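Hi everyone, thanks for making time.

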Amino acid sequence: MRHIISILVENEFGALGRIAGLFTARGYNIDSLTVAPTDDPTLSRMTLVTQGDERIVDQILKQLNKLLDVVKVLDITEATHIERELMLVKVQATSGETREEFKRLADIFEARVVDVTDKTFTIEVIGRSSKLDAFLELLDRKTPMEVVRSGVIGIARGEKQMRI
């Protein structure tokens, strides 16, 4: 099962390496990892996506909580949450017909064209990972020139929060 784990860490040198090392040492895979500072300059927030049953994820959470740099850990998968991912896709768009098709596809997915040249379109898609995957599946016939994905970020809905 897919799990989204939110981790509040001290903004210290090597914190990311220690967390990634924990996964490596135990043979767990990280599907997606995003890290950015919070409104508190001493803290960063990591959003990590991994796969595993309840036993494995429980073990991961316990191991993360043991790390000195980790301030708080929360598996937001089970809670009501909001998740988003950003994807930029560059496609070859040389004919008017192809350009119109990409514009229609972007409209259907509530995406937007963020760059246009005489030969390419770059399309920005934001949403759940499944939405981005569906967009790519429809592009399969046209073979994107380049795809860049940010990785998942997530936040619990309601009163639950990741603050100290």
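Predicted model: local features only at pLDDT ≥ 70, side-chain atom pairs only at ≥ 80, totals over all residues.

The buried residues of helix 3 are covered by, among others, strand 5 (81–92), strand 6 (112–116), strand 7 and helix 4 (129–139). Cover here is a matter of contact, meaning heavy atoms within 4.5 Å.

Residues are numbered from 1 along each chain as its sequence is written, and side-chain values use heavy atoms, with hydrogens and water left out.

Back to helix 3, then. Which of its residues are buried? They are Arg99, Phe102, Leu105 and Ala106. These residues cover an arc of only 125° around the axis, which puts them on the same side of helix 3. The arc is taken from the directions from the helix axis to the C-beta atoms. Buried means under 20% relative accessible area, exposed means over 50%, and partly exposed is in between, using a 1.4 Å probe and protein chains only. On the other side of helix 3 you'll find Gly96, Glu97, Asp107 and Ile108, which are exposed. As a reminder, an α-helix has 3.6 residues a turn, so residues three or four places apart point the same way.

What about its length? Helix 3 has 13 residues (96–108) and should span 18 Å at 1.5 Å a residue; its end C-alpha atoms are 18 Å apart, which agrees. The expected span is 1.5 Å times one less than the number of residues. After helix 3 comes Glu110, with a positive phi near 55°.

Now compare helix 1, residues 15–26. Its 12 residues reach 17 Å from the first C-alpha to the last, close to the 16 Å expected at 1.5 Å a residue. Ala15, Ile19, Leu22 and Phe23 are buried in helix 1. Seen down the axis, they fall within an arc of 90°, so they line one face of the helix. The face turned away from that buried side carries the exposed residues Thr24 and Ala25. Covering the buried residues of helix 1 are elements including strand 1, strand 2 (30–37), strand 3 (43–51), helix 2 and strand 4 (70–75). Helix 1 is followed by Gly27, whose phi is positive, near 75°.

Let's zoom out. The protein has 4 helices and 9 strands, and from the N terminus on they run β-α-β-β-α-β-β-α-β-β-α-β-β. The C-alpha trace spans about 55 × 35 × 30 Å along its principal axes. Of the 164 residues, 38% count as buried. Among contacts between residues at least 6 apart in sequence, 74% join residues at least 24 apart.

Next, the charged pairs. How many salt bridges does the structure hold? There are 9, a salt bridge being a side-chain nitrogen of Lys or Arg within 4 Å of a carboxyl oxygen of Asp or Glu. One of them joins Arg2 and Glu83, with the closest N and O atoms 2.7 Å apart. Arg2 lies in strand 1 (residues 2–10) and Glu83 in strand 5, so this pair ties together parts that are 81 residues apart in sequence. Arg2 is partly exposed at 29% relative accessible area, whereas Glu83, at 3%, counts as buried.

Another pair is Glu124 and Arg112, which meet at 2.7 Å, N to O. Glu124 is in strand 7 and Arg112 in strand 6, so the pair ties together parts 12 residues apart in sequence. Glu124 is buried, with a relative accessible area of 16%. Salt bridges that share partners also join Arg2, Glu83 and Arg128 into one network.

Note on methods
Helix = DSSP H or I, 4+ residues; strand = E, 2+ residues; numbered from the N terminus.
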